[in-house]
Amino acid sequence: MEDSAPVLIITIPCYNEEAVLEETVRRMTSLLDGMCSGDRLVSPDSRLLLVNDGSKDRTWPIIERLHAENKYVCGVNLAGNVGHQNALMAGLESAKELGDIIVSIDADLQDDIHVIPEMVRKYLEGNDIVYGVRKERKTDTWFKRTTALAFYNLMRRLGVKSVYNHADYRLMSKRAVEQLCRYREKNLFLRGIVPTIGYKTACVYYDRAERFAGESKYPLGKMLNFAVDGITSFSVKPVRIIFFLGLLFLLIAFGILIYVICSLIGGNVVSGWASLILSLWFIGGCAMLGIGIIGEYIGKIYLEVKDRPRYNIEKTLLK
């Protein structure tokens with residue numbers, strides 16, 4: 001049975017994670033020991049693949065040391081910081097050469113690693129993609145919980161396939177990752193891309209914990225940028241909304257024209273400086289918003305046509 005057990009690669013993108021990395025590897029090592037020797041759910045050839053995303057602290061030296069000390073630990077060092085999604089993609093592309101199934105998870109120990117065996121069992125039942133989904137958001141602030149709900153609802157209304165309360169904690173089979181690697185866009189939003197692959201999927205549910213140590217790598221600014229990337233990478237509906245708003249403004253302008261003509265004929269002319277200024281500001285704001293949305297799409301086209309590589313791997317520790 002051991003020979004037929006799948007090789008599991010747990011891919012972990014790391015950016016300035018020196019405070020938590022050793023504890024993460026300790027817990028993951030214990031988990032893999034149990035999965036390999038206890039119920040023999042996965043092969044002893046399974047590995048942890050730590051991807052250093054251009055960290056400014058001691059993350060990479062720690063990975064090098066852990067690689068020398070721990071049989072499970074492998075490493076990929078990116079030459080510079082390319083962002084979470086690109087670093088995760090670098091890990092997935094490297095992992096598909098090493099294993100049969102790949103689990104992606106963040107290094108901060110907020111996602112419950114103890115559901116990974118359940119993910120593997122779902123894979124053995126015939127699912128190529130298994131999503132890790134949060135049961136609830138009690139640990140989030142009211143603001144983060146509300147904005148997350150609004151974001152997922154907006155994505156659904158815009159026609160984007162996504163799994164509610166799922167981030168980037170998931171299991172994928174080797175063939176699913178190979179299919180994912182065929183998506184060559186530079187503006188990555190993996191939680192929107194993965195559902196488009198089309199293979200059989202399942203979900204496992206877990207409670208999210210507080211971060212073990214260190215600071216969040218997703219402050220408000222990055223979260224907003226991530227949301228904009230997600231929306232504009234998968235839907236042209238914002239541009240269509242601008243078109244229909246333009247039609248609405250034309251109808252309003254036509255109605256105002258009729259009102260003005262009627263007022264002139266009836267001799268009931270009232271000065272309207274305030275309403276005029278308010279109208280100018282309102283229409284000007286809508287125009288600027290429309291230009292900004294269109295500019296976002298043009299900017300993405302600009303980045304795509306240059307076809308630059310997503311990342312540069314400086315060094316690998318894969319043996």
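The following legends describe close-up views of a predicted model.

Local features are given where pLDDT is at least 70 and side-chain atom pairs where pLDDT is 80 or more, whereas totals for chains, interfaces and linings use all residues. Residues are numbered from 1 along each chain as its sequence is written, and side-chain values use heavy atoms, without hydrogens and water.

**View 1. The aromatic pair of Tyr 169 and Tyr 206.** One aromatic pair is counted (ring centres of Phe, Tyr or Trp, the latter by its six-membered ring, within 6.5 Å; planes under 30 degrees apart are stacked, over 60 edge-to-face, the rest tilted). The ring centres of Tyr 169 and Tyr 206 are 5.3 Å apart and the planes stand at 80°, so the pair is edge-to-face. Tyr 169 belongs to strand E6 (residues 166-173) and Tyr 206 to strand E7 (residues 201-206), 37 residues apart; helices (H or I, at least four residues) and strands (E, at least two) are DSSP runs numbered from the N terminus. Both tyrosines are buried (under 20% relative accessible area; exposed is over 50%, partly exposed in between; 1.4 Å probe, protein chains only).

**View 2. The largest nonpolar core.** Such a core is a set of buried Ala, Val, Leu, Ile, Met, Phe, Trp, Tyr and Cys residues joined through side-chain atoms within 4.5 Å. Of its 36 residues, Leu 8, Ile 10 and Ile 116 touch the most other members. Helix H1 (21-38) is among the elements that give two or more residues, and its share of seven is the largest. A second, separate core has 29 residues, including Ile 9 and Leu 190.

View 3. The buried residues of H2 are Thr 59, Trp 60, Ile 62, Ile 63 and Leu 66. They span an arc of only 155° around the axis (taken from the directions from the helix axis to the C-beta atoms), and therefore lie on the same side of H2. The face turned away from this buried side carries the exposed Ala 68 and Glu 69. Arg 65 forms a salt bridge with Glu 22 (side-chain nitrogen of Lys or Arg within 4 Å of a carboxyl oxygen of Asp or Glu), with the closest N and O atoms 2.8 Å apart. Glu 22, Arg 65 and Glu 69 are linked in a salt-bridge network.

**View 4. The surroundings of Arg 175.** The side chains of Arg 175 and Asp 128 meet in a salt bridge (2.9 Å, N to O). Asp 128 is buried at 8% relative accessibility, whereas Arg 175 is partly exposed at 44%.
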